[in-house]
Amino acid sequence: MDKQSIFDAVQEIFRDNFDDEELVITRETCADDIEDWDSLEQINLLTAIEKKFNIKFKLADVRNLKNVGDLLDLVARMVG
């Protein structure tokens, strides 16, 4: 799966989870940029991404995520 396909899928997950069809994320987007992005929403996002890509994140991997770009890179590595 190419990086654009991963980005598009993650964009849809963000829109679904935050119930905002107009939400646009970038690689630089972080929790501070989205008002409702709290720790519970982080878990919801990660769970939805795991389900979509049939992957399982390790705590050590997600602990170091600083923004959407880091998340996209992690997903890309895992789906190979």
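Contact here means heavy atoms within 4.5 Å, and helices (H or I, at least four residues) are DSSP runs numbered from the N terminus. The buried residues of α1 pack against α2 and α4 (68-79). This is a predicted model, in which local features need pLDDT of at least 70, side-chain atom pairs count only at pLDDT 80 or more, and totals for chains, interfaces and linings use all residues. Residues are numbered from 1 along each chain as its sequence is written, and side-chain values use heavy atoms, with hydrogens and water left out.

In α1, the buried residues (under 20% relative accessible area, with a 1.4 Å probe and protein chains only) are Ile6, Phe7, Ala9, Val10, Gln11, Ile13, Phe14 and Arg15.

| Helix | Residues in the contact |
|---|---|
| α1 | Ile6, Ala9, Val10, Ile13, Phe14, Asn17 |
| α2 | Glu41, Asn44, Leu45, Ala48, Ile49, Lys52, Phe53 |

By class, the contact of α1 with α2 holds nine nonpolar residues (Ala, Val, Leu, Ile, Met, Phe, Trp, Tyr, Cys and Pro count as such), two polar and two charged ones (Asp, Glu, Lys and Arg count as charged, and the others, Gly among them, as polar).

Not counting residues up to four places away in sequence, aspartate 73 touches Lys3 and Arg27. Aspartate 73 and phenylalanine 7 lie 66 residues apart in sequence and 9.8 Å apart in space, C-alpha to C-alpha.

How values were computed: Helix = DSSP H or I, 4+ residues; strand = E, 2+ residues; numbered from the N terminus. Buried < 20%, exposed > 50% of the residue type's maximum accessible area, 1.4 Å probe, protein only.
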